[in-house]
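Hi,

Here is the structure I promised to pass on. Have a look first, and my notes follow below.

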Amino acid sequence: MDIDIDLEMQLEPGQLEAVILEFVTRRKRLLDLLTIILTQITQVFYQLLFIPSICIPHHTSILTGCAWVLELLTGHPERIKINFGVPLEIFSVLTRILRENGVGDSRHGVTVEEQLGIFLYTCVTGLSSRLVAERFQRSTDTITR
């Protein structure tokens, strides 16, 4: 009920009280609505800032990268060729050449065999570093070094 009040207009008895009552009621509803909105915003920010998210283990394969490379080295000869794109003999020669040229196990515990496996697997599959990291059970920082 929108009532325009003209200062020169005469109000009937009780009409001014009705206008004031409606104004107060609308103002109270607006304040209640603003309170609800601010409460919701406050709860969302509190949850984002102060409630820790639940950590779910990401690398859960039974085989670590090193164990998987070892399985490929000692398993069926076709598996290493399928996954790394080279036969076992070539992989062994490449590993020996790397060691002879001063490449050793990394300070993060990544063997030369695993480093070569990561490189070859990435070349063969074309996967992103995130997916390669998942396969080798390593962080993406370790994979991209």
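Axes here are lines fitted to C-alpha atoms, for helices over the stretch in contact, and angles run from 0 to 180 degrees between N-to-C directions. Helices are DSSP runs (H or I, at least four residues), numbered from the N terminus.

Before the details, some housekeeping. This is a predicted model, where local features need pLDDT of at least 70 and side-chain atom pairs count only at pLDDT 80 or more, while totals for chains, interfaces and linings use all residues. Residues are numbered from 1 along each chain as its sequence is written, and side-chain values use heavy atoms, with hydrogens and water left out.

Let's start with H4 (88-100) and H5 (112-125). Their axes come within 10 Å and cross at roughly 120°. H4 and H5 are therefore oblique to each other (under 35 degrees counts as roughly parallel, over 145 as roughly antiparallel, 65 to 115 as roughly perpendicular, and the rest as oblique). The crossing is right-handed, meaning that the near helix is turned clockwise from the far one by less than a right angle. On the H4 side, Phe 91, Leu 94, Thr 95, Leu 98 and Arg 99 are in contact (heavy atoms within 4.5 Å) with Val 112, Glu 113, Leu 116, Gly 117 and Leu 120 of H5. Those residues split into six nonpolar, two polar and two charged (Ala, Val, Leu, Ile, Met, Phe, Trp, Tyr, Cys and Pro count as nonpolar, Asp, Glu, Lys and Arg as charged, and the others, Gly among them, as polar).

Next, H2. Gly 65, Trp 68, Val 69 and Leu 72 are buried there (under 20% relative accessible area; exposed is over 50% and partly exposed in between, with a 1.4 Å probe and protein chains only). They span an arc of only 100° around the axis, so they sit on the same side of H2 (the arc is that of the directions from the helix axis to the C-beta atoms). Leu 70 and Thr 74, on the other side, are exposed. The buried residues of H2 pack against H3, H4, H5 and H6.

H3 (residues 77-84) has Ile 80, Asn 83 and Phe 84 buried. Their arc is only 80°, which puts them on the same side of H3. Their cover includes H2, H4, H5 and H6.

Gln 137 is buried, at 18% relative accessible area.

Cheers

Key:
Helix = DSSP H or I, 4+ residues; strand = E, 2+ residues; numbered from the N terminus.
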